[in-house]
Amino acid sequence: MNSLTDTCHRSLLESFLQDDLNVVEERDLTLHLNECEKCRSELESRAGEPAAWDEISQLLKPQPFDDDEATWHGPQPSAQIQNIIESLAPTDDPNMLGRIGGYEVSGVVGAGAMGVVLKAHDKSLDRTVAIKVLSPMLASSGAARKRFAREAKAAAAVLHPNVMAIHSVSNDELLPHLVMPYVRGSSLQKRMDDNGFLAVGEALRIGSQIAAGLAAAHAQGLVHRDIKPANIMLEEGVERVAITDFGLARAVDDATMTRTGVIAGTPQYMSPEQARGELIDQQSDLFSLGALCTQCAPDALLSALKLAMGSCIEFPIRNRGRFVKSIPRFRNGCATLLPV
Amino acid sequence: MTQFPETRNSLLMQVKDQRNAEAWEQFVQIYRPVIYRLARQKDLQDADAQDLTQQVLIAVASSIGKWESENQSTRFRHWLRKVAKNAIINALTRRPNDRAIGDSEIMTLMNEQSASDPETERLVEIEYRRELYLRAAELVQADVDPATWRVFEATVIDGQSIDVAADESGKSIGAIYAARSRIVRRLRKAVHKLEDAE
């Protein structure tokens, strides 16, 4: 111990509070505070009188309705669905809700932050499709609408079994939408909500298919930006996995950034650079994939998963440059770990 | 805090002077959550509280013309705060259930002399202070690493003991005292700054 850590230096306390100390001085002061109760209370009263500490502790306590306040932005899903259904063009078919593009809408599949997914029938090709309609709130922003169309077109160019195909895109002023195959099944999120954790073999199978889909899209320069279980479709019956909503988080970004300062994406799966609001590239998706896999499997299986995808978890921080190369490695790792 | 962008813009039309427009903008940002929380504390549901918030803001906005023609001696910001306080107290203390929102109702909020209601007045002041601190916390938190902020939250806000916090965070006791004191100092500084700007 040097003398600095042993003796009290009252003037240092004020400098510390004003951020005027260097690293060494701060360390010494901290060591001193470990032992010296006098300086602790001196420091606290210099930081603020007792009433100020009380006020802070009272005022910053969470309020029972904080959550409502956080969600009071934007319309609730049911209102949103109603809104979109009312905007549909009229139809002659009494069994249908309305029309959009050339499609007869028969029902609503789901709703999310980005918009509403409708089930519809394509008369000319006699097939069922899913139509994702951008929420009117977002559609009112010209920038978001253009981005939506541009990203969707780019995503439509990716042909890969693990990326949800896009039949067509419409930049309609009122109801911008994109048309996708109708897939019977559920999202990975729903699967996890219903059945809990995945078995390790399943987690690896799904993880490696997502990685394959991402690799194909990344090869075309696309970034998904919001890889999370809710954006992974699992087809019913067959074991196929498809990534949905490529690049669409960006359209949301365009519309919301200027309004609320919110960064689009999902915190649990966001890479550090995305959370910081910096420019992101393909590697950010891999970070999210790593986070997704980690969440899919219980702790006991994590070690096995980490073996296969350790690179996904650790590289984003350590060595971003080498990270892109780990996709094939990740897939091989999954393959070797799959039980026979 | 820009949940009603359309209304906000139309409200802004009421403020002709550019500098006052900025003051109004800031005022809305701070007072919207303040009014909302007050309404929730009076047991209004989410939607009703939003309604009332909107109503009070519209009422204040509609009376801005009065300030521009009569009251220019008072500073706009100060005037806004005073008018808002009256409108809030009127809205909270005399609001019958389920009444329609119309121009006449809104003007009632403004015209009637505010009932003297020290209790509500006190609550308005508390919620105003809370909003200042919440905003300050946002600013300060962005500058502090997450682990340090957690320690501050645990020991100062949630009342966890320093020893337990030291155990859980792996930080030394000295480090915890140092970190939370500095955060308190920064919070107070940020609040002072916000007060001056408001």
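In strand β4 of chain A, the bridge partner of A:Asp122 is A:Arg127. The model is predicted: local features need pLDDT of at least 70 and side-chain atom pairs count only at pLDDT 80 or more, whereas totals for chains, interfaces and linings use all residues. Residues are numbered from 1 along each chain as its sequence is written, chains are lettered from A and ligands numbered from 1 in the order in which they are written, and side-chain values use heavy atoms, with hydrogens and water left out. Helices (H or I, at least four residues) and strands (E, at least two) are DSSP runs, numbered from the N terminus.

The pair A:Asp122 and A:Arg127 belongs to the antiparallel pairing of β3(A), residues 115-122, with β4(A), which eight bridges join. Two strands are taken to pair if DSSP finds at least two bridges between them. Four residues lie between β3(A) and β4(A) in a hairpin, and A:Asp126 in the turn has a positive phi of about 45°. β4(A) spans residues 127-134, and six of its eight residues are buried. Buried means under 20% relative accessible area, exposed over 50%, and partly exposed in between (1.4 Å probe, protein chains only).

β4(A) is also joined to β6(A), residues 177-181, by five bridges, and these strands run antiparallel. A:Ile131 has A:Val179 as its bridge partner in β6(A), and A:Ala130 stands opposite A:Met180. Four of the five residues of β6(A) are buried. A hairpin of six residues connects β5(A) to β6(A).

These strands belong to an open sheet of six strands in chain A, with the order β1-β2-β3-β4-β6-β5 and antiparallel pairing. β1 (98-100) and β5 (168-170) of chain A each have a single partner strand and stand at the edges, so one side of each is left without a neighbour in the sheet. Neighbouring strands of the sheet are turned by 40° against each other on average, direction ignored. Helix α9(A) packs on the sheet and touches β4, β5 and β6 of chain A, its direction making about 170° with that of β5(A). Contact means heavy atoms within 4.5 Å. Axes are lines fitted to C-alpha atoms, for helices over the stretch in contact, and angles run from 0 to 180 degrees between N-to-C directions.

α9(A) covers residues 142-156 and includes A:Phe148, which is buried with a relative accessible area of 1%. The C-alpha atoms of A:Phe148 and A:Gly247 are separated by 8.2 Å, although these residues are 99 residues apart along the chain.

In chain B, helix α9 (residues 162-169) has B:Ile162, B:Ala165 and B:Ala166 buried. Seen down the axis of α9(B), the buried residues fall within an arc of 100° (taken from the directions from the helix axis to the C-beta atoms), so they line one face of the helix. B:Asp163, B:Asp167 and B:Glu168 are exposed on the other side of α9(B). Just after this helix, B:Gly170 takes a positive phi of about 75°.

Between the chains, helix α5(A), residues 50-59, and helix α7(B), residues 118-143, pack at an angle of about 90°, with their axes 10 Å apart. The contact is made by A:Glu55, A:Ile56, A:Gln58 and A:Leu59 of α5(A) and by B:Ile126, B:Arg129, B:Arg130 and B:Tyr133 of α7(B).
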